[in-house]
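Please look over the points below with the structure open.

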Amino acid sequence: MGGRRGRRLPAEPIVMDIERLSHEGRGIAHHDNRTAFVQGALPGEQAHVQVRRRRRRQDEGDALSIARPAADRVTPPCPHVGVCGGCSLQHMDPGAQVRHKQQTLAEQFAHIGDVSPQTWLPALTGPTAGYRRRARLGVKYVPRKDDRVLVGFRERFSPFVADINSCHVLDDRVSVLLGELAALIRRLSIPHRIAQIEVAAGDTQVGLVFRNLDPLTQSDRETLMAFGQTHDLLMFEQPGNESTVAPLGHSQTYLEYALDDEGLRFRFAPTDFTQVNAAINRKMLPQALDLLEVGPDHRVLDLFCGLGNFTLPLARRAAQVIGVEGAESLVERGRENAQYNQIDNVQFVAADLTQTHPGASWLGGQIDRVLLDPPRSGALEVLPAIAKLGPERIVYVSCGPATLARDAGELVHQHGYTLAAAGIMDMFAHTAHAEAMAVFTRTRR
Ligand SMILES: C[S@@+](CC[C@H](N)C(=O)[O-])C[C@H]1O[C@@H](n2cnc3c(N)ncnc32)[C@H](O)[C@@H]1O
């Protein structure tokens, strides 16, 4: 009973002094023998904190007001910042956000991998507003609350969809339509059976995929098509898994983005993986290629290659590139994109890189360079095979700095590589999420 009573949430806000920032961007304070993680508070600040969750010795809450603001504090640019759980660092100056992410990466390298880069790369930064080209928007029909539909991201501290009518970080072409999208779904015959809208924006066109849990009527389809025409959007329905995505009122299956400096154009389906932030993507590609020091005689392995985002630029510089990817649909897209760009020195292979592949052709012969761009879970399982190939340079592009740090430890301490340089890429400004790039070097044995 005592323990349970101890976990009752305090009714009144508690005054706390914020000591530092957690890796996920929350202020850390200590009070009453407890550690508190405070959303919306910065180091050095004194905050009035409403505790929203309580565990044994740990509290989570938000800062209701700040008595002593830090120098890095700014007015959040988004009006929905207190409600929407989408961004957590909008109250921090963008430059300070970047420094925090770099500091986090340095700590993760030290604590998880016991490594430290010889050189720090300057952080790659881009626009801090309207950058988000991919998003999954939650949809919620609330019949009792004035019979409305909400479209947006989850609320902070709750599973509900936040009541927002714009999103500061979402591609402007979609942000301005959030209210109209909610009204559109309300007009359908099944507003309670639309689970989400997947946003996929290309350079010139935007695709919206409506995940309908029940079949749409002909009238629903016409309503969606008319909205698409009015707002110049490519509308899709998705009645089942990804293979069921179908265009509504048009015959276009693909969107497009270009890498103008490389003279390349990529086609992608609205549910394909593409990099969220086009401006950062355009900066990270040349950086990765420079760090890899690819020469015209080199054979290059591009692991977790997706639809060929790195594979095709690499192919412009190397003798041959082999792209390996787990999703068959992306392997197919890679091949289509190679053809679309008239590139013939690439090969795309489907393989699960968490498994070993003894005797696989793509692991045979001389490999001079390796580029890795794994999901957040990292690339631990494939590192022994890479080390055996012994490339002089490995460039690791990471969306999970903690797993990058773990894998860096493995490459350095188990396989004799040097962590020559690393830096962050601010792919998701205003959130605590950081991406990173690292280059590993080894003299060929
Ligand atoms: C961060 S994305 C990078 C894609 C690509 N390099 C790009 O820039 O667009 C990671 C990729 O790894 C693929 N992937 C995830 N798990 C995998 C696995 N176990 N084996 C192979 N590929 C995997 C995903 O399908 C995705 O395409």
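1. Helices (H or I, at least four residues) are DSSP runs, numbered from the N terminus. Axes are lines fitted to C-alpha atoms, for helices over the stretch in contact, and angles run from 0 to 180 degrees between N-to-C directions. This is a predicted model: local features need pLDDT of at least 70, side-chain atom pairs count only at pLDDT 80 or more, and totals for chains, interfaces and linings use all residues. Residues are numbered from 1 along each chain as its sequence is written.

2. Helix H2 (residues 94–113) packs against helix H10 (residues 401–413) at about 45°, the axes being 8 Å apart.

3. The domain assignment, automatic or from a database, gives domain 1 (2–73), domain 2 (98–127 + 276–441) and domain 3 (134–255). Between the C-alpha centres of domain 1 and domain 2 the distance is 38 Å.

Terms used:
Helix = DSSP H or I, 4+ residues; strand = E, 2+ residues; numbered from the N terminus.
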